[in-house]
Amino acid sequence: MKTDRGETLLKARTGFIRTKGERMPTQSCEADSVSGSVSQRACVYCGARVVLNPITDAVHLVHGPIGCASYTFDIRGSLSSGAELYRYSFSTDLKEQDIIFGGERKLAAAIDELVQKYHPPLVLVYSTCVAGVIGDDLEAVCRAAAQRHGIAVLPVESSGFAGNKSEGYRVACEVLMRLMEAGNSPLPAMEPGINYLGDYNLAGELWIIGGYLRRMGVKLNAAFTGDSSLKALQTAPAAAFNIVQCAGSMGYLAKRMQERYGIPFFHVSFLGLQDSADSLRLIASATGDEEVMARTEELIAEEAGQAEPFIQAYRDKLSGKKAAVYVGGGFKAISLIKQFRELGVEVVMIGTQTGRKEEYDEIHNLVEDGTVILDDANPAELERFMSRQGADLLVGGVKERPLAYKLGVAFIDHNHDRKHPLSGFEGAVHFAREVYHTVCSPVWKYVKQGG
Amino acid sequence: MEAIKTMRHSVIENPCHACMPLGAILAFKGIQGAMVIIHGSQGCSTYMRRHISEHYNEPIDVASSSITEPGTIYGGSVHLKKGLDHLIQVYHPELIGILSTCLAETIGEDIARIAAEYTVERDMGAYPLVSVPTPGYGGGHSEGYFLAVRHIIARIARPVPKHHRINVIVPHLTPAEVREIKRIMDLMGVDYILCPDYSETLDSPFARPYQKIAGGGTSLQELAMMGGASATIEMSRCVETHLSPGRYLAGTFEVPLYNSPVPVGIEATDLFVNLLKELTGQPLPDVLQRERGRLLDGMIDSHKYNAEGRAVIFGDPDMVLAVSSICMENGIVPAVAASGVHSKALELEMQTLTAGRTDVATVTETDLAVIRDLAVKAEANIAIGHSDGRYLTEREGIPLVRLGFPIHDRVGGQRLVSVGYAGTMMLLDRITNCLLDSKLSAYRPRMLKKYYSEPSGKF
Ligand code: SF4
Ligand code: SF4
C-alpha cells in the first residue's frame, strides 16, 4: 500500500467527501469546483452538447475558437437511423481579430455557408467562453439567419464558465422547449404515444427500449434526443405522458413540458434486470390498458428468463468483489448500486461530477455503512479511496480509465463514448459480461505478482 | 506543384488540429516533476486531459484555475493563486507550468504578472513557475508545444560554462520514438540533453506504488545546463523562428544551432546521423550501418508495391513533411499534404521536396472536409495521419495508416516508431502493407469483372 502523506486531501474539499455511517455534516454538492483541485468536470458547453448532439439532422455549429470543436468531434456513441450530419464538427474558428472586432459577421457567414452546403432543417449555434465574453449577440444573428433561410436557427447559450455540465443540460432543455414551440403548426391528429426523455441512443440503447415498447403495444412518439430529428421532436407535445431516464439531464425538460403542455411524467431506469422490469410495468400501468399490461408481463418473463441464467453465471464469478463508481450524474450512480447488487458486487466508493442533493440522499440510503461518497472528486481522491476501500474495479469515463489501470484495478466504461449497449435486459447481460471480462482477466495475475 | 494556398472559408468543418495549450501540456509532461495548471474555465482543461489520455492511455493530471462567471468580470488571479496552492499541496511538483486559454487572454489576464506576485506572496524564492501565453485561438497544438519548450528553457537555462554536451530539441513525437532517438545517440556515444523528454512520462511502465507525477523527464539541472552546450540540434524544419527553442539558445547563449528534419526516411536519418558524426567525430557504429542496410533491402523489396501509392497526408507540419519525404523516397506520390495550422515553412519545404511535380497539392490552415475533397479529386488510395481522418475510410473508402496525434480509436499510438533507420522500416512496412491489403483484397473480383466473359460462339 502506498503511504499517504495525508496532504492529498484539500481542506476546501472536506465537505464533499463523506463516509456512510460516520457522523458528518451533510454532503456538499452542486457547488463550483475548487481551483487547482484537478476536477474531472466539464463545462456548460459540454453538457449542452451531450443533450443536443444526438439530433441527427441538425448542423451543430460551435461559435468559438477551434479547440472547443476539436475536442468534441464525433466523440459520442449515439447512433442514427437516418441523417449523419450530427457527427460533423463545425466551428467558426474565432481568431484574435474576431475577438477584438466581434465574431457576429463570421458567424452569419458560417451559417450561410453550412445551410447552402447541407440544407439542414435546423442549425444549433453553441456559445463558448470566448463568444460569451466578447458579447456577440447570438440571438440576433440566429434570428436573422432563420429569416434568411426559412429554417430553425437557435442559439445555445453555453458559455463554459457560466456553471458546469448541469447548467449545460438546463440550457439544452430550454433550446428543446423553443424547438417544440417553433413547430407550433397544428399537430396532426394522432394516437397519443409516449415520449422518452434522457436516452441518447448510445450503441443503440434507444432501439432496444423502443423494441420492448413496440412489443408491449406502446407507441413511442419522440425520443429526447437519441436518434431524433427536428420533425420528430416537434411532435412531442402531443404525447400522453413522458418517461424520464437520465433525470440529471432531462428532469428539467419533463417539468417544463408538464407546465407548458400538461404532459405528466415519471422516472424510469433501464439499467439492470430489476429496474428494467419495474420500469416496463410502470409504463404499462400508466397506459391503463389491460392488454398492454398482459403483453408486458409476457415480455418480461421472456426477456428476463433469457437473461437470468447469464447473470447468475456471472454472479457466481463476481460475488464478493468490490466496486468503485465515479460517473457524471446521480441517476447513473444510483442505478449502478442496484445493478452491482444483482451481481453480488458491493459498491465501496461512489461519486459523481454533478449529482444533485436529492440524488446524494438516495445514494446515501442505498449504500452500506463504510462506503465513501464523493462529489466532484479528483484523481488524488479517487486513487486514495479506491486503494483504501480495496476496490476491485472502477466504473468511470475516459479520463478515469488510465488511473484505474495504473492502480492495477479493473475498469468499466460507462460514458457516452462506449460502443456497446447497457440498457434493458440485454444491456444487463452486456454489463455483467463486461464486469466479468475486466475483473476476471488473466492479466491481473501478473500484476498481483508485482509490476 | 499545384499552389493551393491556405484555403479559407468562413467555417471550419471537422478540425484537423487541437489548440495551443494542449501542445504546451505535452511539452511540460517532458520535464521532470512538472505539473501544469490552466488558467481558464474548467472545461478546457478537462477536454484536453480527455483528448490526451485517450491517445496515451496514461493518467493526465492537469489542474485548472476554474474561472467562473464573476472571475470573468473581476479577474481570475484569486482563482489562479488558490489553484497553485492546492496543486502544490497535492502534487509537490518541482516545476509548474501556467498556461493561459482563450478566455484568460480575452479578459486580459496577465499570467506572468500573477506568477511573479504569487512567488513573492508565498515567499518561494527561485521556485520555477513557467508561464506560457497559450490562447487556443493563437495556434494549433504543435505551436503551443514549441512555445512551451522555448519558455521552459528561457526560464531555467543559465549562462553556465561551456561544456561538450549537445542539446536535442524534439518535436511532438511518440514516447517510443524519443526512446529510439536516445538509443541512436547512445550508440553513437553522444552526450546529450534531450528536451522535452516524455519518453517515460507519457508511456510509463506498470509499477507500484503509483506515482502521481510519472518518473522521467528532462531534469532542472539538465535544463540549466542547456545554455552552455556545444550545439543544439532542433528536429524541426517547420517551427517558426519566434517559437524556436533552438533560436532562443543561439540568440541568448550563442549555442550553435543545427536544424535537422525529423529523422523519418533514409535521407533525413542520414542527415541526422551525419550531423552526429560531425559533432562528435565518431563513426557510424556497425549496428546502425546494418540497420541502414536492412532498410535499403526492404525499400527494394517493396518498391513496386509502393509505386502504386497515391497518398493523402495530414497532421502536424513536421510530421506531414517527414511522411511526404518517405513517400518521395519510395515512389509514393504525396498527392495531398495538409496541415490544420498555418505553416509557410511546410509549403516551402514541400515545394523543394516535390520540385518539378505537378501532381502534388500542399495546403495548410485547412480542415478535414477540404482534405477529404482534395483526396477524392487526387484519387488518393492511401491516407496517412491521425484518427480524426477516419471519414476518409468510412465515407471514401481510402484506407488510413494511423500516425501522429491523436490516435484514439486504436491502441498503441504512443508506441509507434517511425524514426531512425529501423523506425523508417516499420513505417514503410505499415504503408506498403496497407497498399497490398487494398490490392489483394480486391484483385480477384476486379480481374474477373474486367477480363472474364462467358464462353460463347461455335468454335
Ligand atoms: S480553443 Fe481556447 S477555449 Fe477552446 S479549448 Fe482551446 S483554449 Fe479552451
Ligand atoms: S472555452 Fe469554455 S466552452 Fe470551450 S471547452 Fe473551454 S470551458 Fe468549455
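How many aromatic pairs does a search of the whole structure find over all chains? I get 18. My rule pairs rings of Phe, Tyr and Trp (its six-membered ring) if their centres lie within 6.5 Å; planes under 30 degrees apart count as stacked, over 60 as edge-to-face and the rest as tilted.

Notes on conventions. This is a predicted model, so I take local features only at pLDDT of at least 70 and side-chain atom pairs only at pLDDT 80 or more, while totals for chains, interfaces and linings use all residues. Residues are numbered from 1 along each chain as its sequence is written, chains are lettered from A and ligands numbered from 1 in the order in which they are written, and side-chain values use heavy atoms, without hydrogens and water.

Entry: aromatic pairs. I looked up A:Tyr45 and A:Tyr126; the ring centres are 5.7 Å apart and the planes stand at 85°, so I log the pair as edge-to-face. The two residues are 81 apart in the chain, A:Tyr45 in helix H1 (residues 44–52) and A:Tyr126 in strand S4 (residues 122–127) of chain A. Helices (H or I, at least four residues) and strands (E, at least two) are DSSP runs, numbered from the N terminus. A:Tyr45 is buried at 2% relative accessible area, and A:Tyr126 is buried at 0%. Buried means under 20% relative accessible area, exposed over 50%, partly exposed in between (1.4 Å probe, protein chains only).

Entry: cluster and charge. I find A:Phe73, A:Tyr88, A:Phe90, A:Tyr118 and B:Tyr391 in one aromatic cluster. The charged end of B:Arg395 sits over the ring of B:Tyr391, 4.7 Å from its centre. The criterion is NZ of Lys or CZ of Arg within 6 Å of the ring centre and within 35 degrees of the ring normal.

Entry: interface. Chain A puts 72 residues into the contact and chain B 65 residues, with contact meaning heavy atoms within 4.5 Å. The buried area between the chains is about 6,000 Å², 59% of it from carbon and sulfur atoms; this is the accessible area (1.4 Å probe) that two parts lose on being put together, summed over both. On the chain A side, A:Tyr71, A:Phe73 and A:Lys406 lose the most area to chain B, together 14% of what that side buries.

I count seven salt bridges across the interface of chain A and chain B, each a side-chain nitrogen of Lys or Arg within 4 Å of a carboxyl oxygen of Asp or Glu. B:Glu13 forms a salt bridge with A:Lys117, closest N and O atoms 3.0 Å apart.
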